[in-house]
Amino acid sequence: VTVSADDGPFGSATVAENYRRYLQPVIFEPWALRLIEFVGLAPGDTVLDVAAGTGAVARAAASAVGPGGRVIASDISAAMLAGVAEGADAAGAPIETLVCSATELAVADSSVDVVLCQHGFQFIADRTAAVREFGRVLRPGGVAGVAVWRGGVRMEPFDTYGEAMGELGIESGFGAVPNSRLSMSEADVAETLTAGGLEGVEVVTVSLDLRWASPSDAARGIAGTPFGAVVSALDDERREELFALLSEKFAGGGAPRQQRQTAVLGKGVARASR
Ligand SMILES: C[S@@+](CC[C@H](N)C(=O)[O-])C[C@H]1O[C@@H](n2cnc3c(N)ncnc32)[C@H](O)[C@@H]1O
(Lines give C-alpha, C1' and ligand atoms only; values in the text may rest on other atoms or scores of the structure.)
Protein backbone atom coordinates (compact mmCIF):
# COMPACT_ATOMS: atom_id res chain seq x y z
CA VAL A 1 0.00 0.00 0.00
CA THR A 2 1.51 3.33 -0.93
CA VAL A 3 0.54 6.78 0.30
CA SER A 4 1.42 9.52 -2.16
CA ALA A 5 3.41 12.46 -0.86
CA ASP A 6 0.61 14.96 -1.34
CA ASP A 7 -2.02 12.82 0.36
CA GLY A 8 -1.39 13.85 3.98
CA PRO A 9 -1.79 11.57 6.97
CA PHE A 10 -5.50 12.35 7.21
CA GLY A 11 -6.36 12.17 3.53
CA SER A 12 -7.35 8.65 2.64
CA ALA A 13 -4.58 7.00 4.68
CA THR A 14 -5.45 4.58 7.49
CA VAL A 15 -3.67 4.36 10.85
CA ALA A 16 -1.83 1.25 9.58
CA GLU A 17 -0.67 3.13 6.44
CA ASN A 18 0.51 6.08 8.53
CA TYR A 19 2.33 3.70 10.87
CA ARG A 20 4.12 2.21 7.86
CA ARG A 21 4.91 5.62 6.40
CA TYR A 22 6.05 7.60 9.45
CA LEU A 23 6.81 5.29 12.39
CA GLN A 24 8.14 2.13 10.75
CA PRO A 25 11.31 3.63 9.18
CA VAL A 26 12.25 5.92 12.07
CA ILE A 27 11.30 3.78 15.07
CA PHE A 28 10.55 0.15 14.32
CA GLU A 29 13.12 -0.76 11.63
CA PRO A 30 16.09 0.41 13.72
CA TRP A 31 14.70 -1.45 16.76
CA ALA A 32 14.24 -4.63 14.68
CA LEU A 33 17.98 -4.76 13.91
CA ARG A 34 18.79 -4.46 17.63
CA LEU A 35 16.34 -7.19 18.64
CA ILE A 36 17.68 -9.57 15.98
CA GLU A 37 21.27 -8.85 17.03
CA PHE A 38 20.33 -9.55 20.68
CA VAL A 39 18.48 -12.82 19.96
CA GLY A 40 20.69 -14.11 17.14
CA LEU A 41 19.35 -15.77 13.97
CA ALA A 42 21.03 -18.47 11.89
CA PRO A 43 20.68 -19.08 8.14
CA GLY A 44 17.80 -21.49 7.53
CA ASP A 45 15.93 -20.66 10.76
CA THR A 46 12.13 -20.65 10.91
CA VAL A 47 11.10 -17.41 12.64
CA LEU A 48 7.69 -16.43 14.02
CA ASP A 49 7.18 -12.67 14.43
CA VAL A 50 4.33 -12.14 16.95
CA ALA A 51 2.39 -8.84 16.92
CA ALA A 52 4.34 -8.26 13.71
CA GLY A 53 2.40 -5.13 12.74
CA THR A 54 3.68 -3.85 9.39
CA GLY A 55 6.56 -6.36 9.46
CA ALA A 56 9.73 -4.44 10.34
CA VAL A 57 11.05 -7.44 12.29
CA ALA A 58 9.74 -10.03 9.82
CA ARG A 59 11.56 -8.39 6.89
CA ALA A 60 14.82 -7.97 8.83
CA ALA A 61 14.54 -11.62 9.96
CA ALA A 62 13.88 -12.77 6.36
CA SER A 63 17.16 -11.14 5.27
CA ALA A 64 19.02 -12.65 8.23
CA VAL A 65 17.83 -16.25 7.78
CA GLY A 66 18.17 -16.17 3.97
CA PRO A 67 16.36 -18.11 1.24
CA GLY A 68 16.57 -21.44 3.13
CA GLY A 69 14.67 -20.00 6.07
CA ARG A 70 11.01 -19.29 6.70
CA VAL A 71 9.33 -16.28 8.32
CA ILE A 72 5.76 -16.11 9.62
CA ALA A 73 4.41 -12.65 10.49
CA SER A 74 1.43 -12.90 12.86
CA ASP A 75 -0.78 -10.14 14.25
CA ILE A 76 -4.29 -9.70 15.55
CA SER A 77 -4.86 -6.98 12.91
CA ALA A 78 -5.16 -7.91 9.22
CA ALA A 79 -4.89 -4.19 8.34
CA MET A 80 -1.46 -3.95 9.97
CA LEU A 81 -0.24 -7.10 8.15
CA ALA A 82 -1.48 -5.94 4.72
CA GLY A 83 1.88 -4.71 3.36
CA VAL A 84 4.31 -6.92 5.28
CA ALA A 85 6.07 -8.30 2.21
CA GLU A 86 6.51 -4.84 0.59
CA GLY A 87 10.17 -3.92 0.45
CA ALA A 88 11.28 -7.39 1.55
CA ASP A 89 14.73 -8.56 0.46
CA ALA A 90 14.31 -10.60 -2.76
CA ALA A 91 17.22 -12.80 -1.61
CA GLY A 92 15.68 -13.41 1.82
CA ALA A 93 13.28 -16.01 3.19
CA PRO A 94 9.66 -15.93 2.01
CA ILE A 95 7.30 -14.20 4.48
CA GLU A 96 3.88 -15.69 5.27
CA THR A 97 1.21 -13.83 7.23
CA LEU A 98 -1.14 -15.17 9.87
CA VAL A 99 -3.97 -13.28 11.57
CA CYS A 100 -4.16 -14.53 15.17
CA SER A 101 -3.82 -13.42 18.77
CA ALA A 102 -0.48 -13.75 20.54
CA THR A 103 -2.20 -15.96 23.11
CA GLU A 104 -3.70 -18.32 20.48
CA LEU A 105 -1.05 -18.73 17.82
CA ALA A 106 -2.29 -20.73 14.83
CA VAL A 107 1.07 -22.49 14.63
CA ALA A 108 1.96 -26.17 15.32
CA ASP A 109 3.79 -27.26 18.48
CA SER A 110 7.62 -27.30 18.35
CA SER A 111 7.64 -25.95 14.77
CA VAL A 112 9.75 -22.78 14.94
CA ASP A 113 13.34 -22.00 15.91
CA VAL A 114 12.87 -18.39 17.05
CA VAL A 115 9.89 -16.30 18.22
CA LEU A 116 10.27 -12.49 18.15
CA CYS A 117 7.82 -9.95 19.58
CA GLN A 118 8.78 -6.30 19.25
CA HIS A 119 6.86 -3.51 20.99
CA GLY A 120 3.69 -5.59 20.88
CA PHE A 121 4.12 -7.42 24.17
CA GLN A 122 2.80 -4.43 26.15
CA PHE A 123 -0.56 -4.60 24.35
CA ILE A 124 -1.18 -8.25 25.26
CA ALA A 125 -3.54 -8.58 28.22
CA ASP A 126 -2.14 -11.91 29.48
CA ARG A 127 1.57 -11.74 28.75
CA THR A 128 2.44 -14.90 30.67
CA ALA A 129 -0.07 -16.86 28.56
CA ALA A 130 1.58 -15.41 25.44
CA VAL A 131 5.01 -16.57 26.61
CA ARG A 132 3.58 -20.06 27.24
CA GLU A 133 2.39 -19.99 23.61
CA PHE A 134 5.89 -18.95 22.47
CA GLY A 135 7.23 -21.99 24.38
CA ARG A 136 4.63 -24.29 22.82
CA VAL A 137 5.44 -23.36 19.21
CA LEU A 138 9.23 -23.30 19.76
CA ARG A 139 11.26 -26.45 19.24
CA PRO A 140 13.06 -27.53 22.42
CA GLY A 141 16.09 -25.25 22.73
CA GLY A 142 14.51 -22.58 20.50
CA VAL A 143 14.67 -18.95 21.62
CA ALA A 144 11.99 -16.28 22.20
CA GLY A 145 12.98 -12.60 22.26
CA VAL A 146 10.85 -9.59 23.16
CA ALA A 147 11.35 -5.81 23.12
CA VAL A 148 9.19 -3.58 25.35
CA TRP A 149 9.39 0.12 26.15
CA ARG A 150 11.15 0.57 29.48
CA GLY A 151 9.16 2.10 32.31
CA GLY A 152 10.27 5.13 34.30
CA VAL A 153 11.78 7.07 31.37
CA ARG A 154 10.22 9.35 28.77
CA MET A 155 8.69 7.47 25.85
CA GLU A 156 9.20 9.63 22.80
CA PRO A 157 7.48 10.59 20.59
CA PHE A 158 4.44 9.16 22.41
CA ASP A 159 4.74 11.28 25.57
CA THR A 160 4.93 14.45 23.48
CA TYR A 161 1.86 13.37 21.48
CA GLY A 162 -0.09 12.80 24.69
CA GLU A 163 1.10 16.07 26.28
CA ALA A 164 0.18 18.15 23.22
CA MET A 165 -3.31 16.62 23.15
CA GLY A 166 -3.65 17.33 26.87
CA GLU A 167 -2.54 20.97 26.42
CA LEU A 168 -5.21 21.46 23.75
CA GLY A 169 -7.85 19.68 25.85
CA ILE A 170 -8.25 16.84 23.33
CA GLU A 171 -9.36 13.62 25.02
CA SER A 172 -6.83 11.04 23.80
CA GLY A 173 -8.88 8.01 24.72
CA PHE A 174 -5.73 6.66 26.33
CA GLY A 175 -6.33 8.32 29.69
CA ALA A 176 -7.80 5.11 31.05
CA VAL A 177 -4.71 3.09 30.14
CA PRO A 178 -2.09 3.43 32.88
CA ASN A 179 1.40 4.11 31.52
CA SER A 180 2.60 1.09 33.50
CA ARG A 181 0.57 -1.11 31.09
CA LEU A 182 2.56 0.17 28.12
CA SER A 183 6.06 -0.21 29.53
CA MET A 184 7.95 -2.70 31.71
CA SER A 185 11.05 -2.86 33.90
CA GLU A 186 13.88 -5.36 33.35
CA ALA A 187 12.53 -7.31 36.34
CA ASP A 188 8.98 -7.36 34.88
CA VAL A 189 10.27 -8.76 31.58
CA ALA A 190 12.50 -11.35 33.26
CA GLU A 191 9.70 -12.48 35.59
CA THR A 192 7.17 -12.74 32.76
CA LEU A 193 9.48 -14.81 30.52
CA THR A 194 10.31 -17.10 33.45
CA ALA A 195 6.68 -17.40 34.59
CA GLY A 196 5.77 -18.39 31.01
CA GLY A 197 8.18 -21.35 31.27
CA LEU A 198 11.31 -20.16 29.44
CA GLU A 199 14.78 -20.94 30.79
CA GLY A 200 18.11 -19.09 30.87
CA VAL A 201 16.32 -15.74 30.71
CA GLU A 202 18.48 -12.68 29.97
CA VAL A 203 17.40 -9.03 29.85
CA VAL A 204 19.21 -5.84 28.79
CA THR A 205 18.28 -2.17 28.47
CA VAL A 206 19.00 -0.53 25.12
CA SER A 207 18.57 3.10 23.99
CA LEU A 208 18.11 4.42 20.48
CA ASP A 209 18.18 8.04 19.22
CA LEU A 210 15.45 8.74 16.68
CA ARG A 211 16.30 10.48 13.41
CA TRP A 212 13.20 12.15 11.95
CA ALA A 213 13.53 13.77 8.52
CA SER A 214 11.87 16.91 9.96
CA PRO A 215 9.89 18.13 13.00
CA SER A 216 6.73 17.99 10.89
CA ASP A 217 7.34 14.30 10.09
CA ALA A 218 7.69 13.65 13.83
CA ALA A 219 4.39 15.51 14.33
CA ARG A 220 2.65 13.54 11.56
CA GLY A 221 3.74 10.29 13.19
CA ILE A 222 0.81 10.72 15.60
CA ALA A 223 -1.42 9.57 12.73
CA GLY A 224 0.11 6.07 12.94
CA THR A 225 -0.39 5.63 16.70
CA PRO A 226 -3.39 4.56 18.79
CA PHE A 227 -4.15 8.34 18.96
CA GLY A 228 -4.61 8.33 15.17
CA ALA A 229 -8.34 7.65 15.15
CA VAL A 230 -9.01 10.50 17.61
CA VAL A 231 -6.88 12.94 15.61
CA SER A 232 -8.56 11.87 12.40
CA ALA A 233 -11.99 12.71 13.87
CA LEU A 234 -10.98 16.31 14.79
CA ASP A 235 -12.12 19.16 12.58
CA ASP A 236 -9.45 20.54 10.20
CA GLU A 237 -8.73 23.65 12.26
CA ARG A 238 -8.24 21.71 15.48
CA ARG A 239 -6.03 19.15 13.75
CA GLU A 240 -3.85 21.91 12.26
CA GLU A 241 -3.55 23.44 15.74
CA LEU A 242 -2.35 20.08 17.08
CA PHE A 243 0.17 19.62 14.25
CA ALA A 244 1.49 23.17 14.74
CA LEU A 245 1.99 22.56 18.47
CA LEU A 246 3.65 19.18 17.88
CA SER A 247 5.95 20.56 15.16
CA GLU A 248 6.97 23.38 17.50
CA LYS A 249 7.68 20.90 20.31
CA PHE A 250 9.71 18.61 18.06
CA ALA A 251 11.64 21.55 16.57
CA GLY A 252 12.70 22.39 20.13
CA GLY A 253 13.31 26.07 19.36
CA GLY A 254 15.74 25.44 16.48
CA ALA A 255 17.86 22.57 17.84
CA PRO A 256 16.46 19.12 17.09
CA ARG A 257 14.69 17.87 20.17
CA GLN A 258 16.42 14.93 21.81
CA GLN A 259 14.28 11.89 21.17
CA ARG A 260 15.86 8.94 22.88
CA GLN A 261 13.86 5.75 23.22
CA THR A 262 14.72 3.16 25.82
CA ALA A 263 13.53 -0.43 25.77
CA VAL A 264 14.06 -3.64 27.65
CA LEU A 265 15.05 -6.57 25.43
CA GLY A 266 14.56 -10.02 26.93
CA LYS A 267 15.12 -13.57 25.73
CA GLY A 268 14.68 -17.10 27.02
CA VAL A 269 15.04 -20.67 25.82
CA ALA A 270 12.25 -23.25 25.40
CA ARG A 271 12.70 -26.23 27.70
CA ALA A 272 14.24 -29.39 26.27
CA SER A 273 11.61 -31.63 27.86
CA ARG A 274 7.94 -30.62 28.13
C1 LIG B 1 3.41 -0.97 18.08
S2 LIG B 1 2.87 -2.24 17.01
C3 LIG B 1 4.40 -3.15 16.80
C4 LIG B 1 4.43 -3.86 15.50
C5 LIG B 1 5.74 -4.49 15.06
N6 LIG B 1 6.15 -5.56 15.95
C7 LIG B 1 6.83 -3.48 14.88
O8 LIG B 1 7.87 -3.61 15.54
O9 LIG B 1 6.66 -2.55 14.07
C10 LIG B 1 1.91 -3.29 18.04
C11 LIG B 1 1.19 -4.40 17.30
O12 LIG B 1 0.65 -5.32 18.26
C13 LIG B 1 -0.53 -5.88 17.70
N14 LIG B 1 -1.28 -6.52 18.80
C15 LIG B 1 -1.87 -5.92 19.86
N16 LIG B 1 -2.42 -6.83 20.67
C17 LIG B 1 -2.17 -8.05 20.12
C18 LIG B 1 -2.47 -9.40 20.50
N19 LIG B 1 -3.16 -9.66 21.62
N20 LIG B 1 -2.08 -10.40 19.69
C21 LIG B 1 -1.39 -10.14 18.56
N22 LIG B 1 -1.07 -8.90 18.15
C23 LIG B 1 -1.45 -7.86 18.92
C24 LIG B 1 -1.20 -4.67 17.07
O25 LIG B 1 -2.19 -5.05 16.11
C26 LIG B 1 0.01 -3.95 16.46
O27 LIG B 1 0.21 -4.35 15.13
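H119 sits in the loop between β4 and α4 (127–137), where helices (H or I, at least four residues) and strands (E, at least two) are DSSP runs that are numbered from the N terminus. The model is predicted, and local features need pLDDT of at least 70, while side-chain atom pairs count only at pLDDT 80 or more and totals for chains, interfaces and linings use all residues. Residues are numbered from 1 along each chain as its sequence is written, and side-chain values use heavy atoms, with hydrogens and water left out.

The phi angle of H119 is near 50°, which is a positive value in a residue other than glycine. Is H119 buried or exposed? H119 counts as buried because its relative accessible area is 6%, and buried means under 20% relative accessible area, with exposed meaning over 50% and partly exposed lying in between (1.4 Å probe, protein chains only). S110 also has a positive phi, of about 50°, although S110 is not a glycine. The place of S110 is the loop between β3 (95–99) and β4 (112–118), and with a relative accessible area of 38% S110 is partly exposed.

From these loops the reader can turn to the ligand. The ligand is surrounded by 16 residues, and the closest are Y19, A51, D75, A102 and Q118; a residue is near a molecule if one of its heavy atoms lies within 4 Å of it. This shell divides into 10 nonpolar residues, five polar ones and one charged one, where Ala, Val, Leu, Ile, Met, Phe, Trp, Tyr, Cys and Pro count as nonpolar, Asp, Glu, Lys and Arg as charged, and the others, Gly among them, as polar.

Which atoms of A51 and of the ligand lie 2.7 Å apart? On the protein side it is a backbone N or O atom of A51, and on the ligand side it is a nitrogen atom. A polar backbone atom of I76 is 3.4 Å from a nitrogen atom of the ligand, and an N or O atom in the side chain of Q118 is 2.8 Å from an oxygen atom of the ligand. Taken on its own, the ligand has 600 Å² of accessible area, and the protein covers 88% of it; such areas come from the Shrake-Rupley method with a 1.4 Å probe, and for residues only the protein chains shown count as cover.

A56 and Q118 are 62 residues apart in sequence, and their C-alpha atoms are 9.2 Å apart in space. With a relative accessible area of 10%, A56 is buried.

Helix α1 (residues 15–39) holds R20, and E29 lies in helix α1 as well. R20 is buried, at a relative accessible area of 11%, whereas E29, at 31%, is partly exposed. The C-alpha atoms of R20 and G224 are separated by 7.5 Å, although the two residues are 204 residues apart along the chain. For E29 and L193, which are 164 residues apart in sequence, the distance from C-alpha to C-alpha is 24 Å.

T225 is found in the loop between α8 (215–220) and α9 (228–232). T225 counts as buried because its relative accessibility is 3%. The side chain of T225 reaches the backbone oxygen of I222 at 2.8 Å, and this is a polar contact, a term for a pair of N or O atoms within 3.5 Å; within protein, one atom must be able to donate a hydrogen and the other to accept it, and residues adjacent in sequence count only if both atoms are side-chain atoms.

The last stop is a peptide bond. E156 and P157 are joined by a cis peptide bond, with omega at about 0°. Where does P157 lie? P157 belongs to the loop between β5 (138–149) and α5 (158–167), and P157 is buried, with a relative accessible area of 0%.
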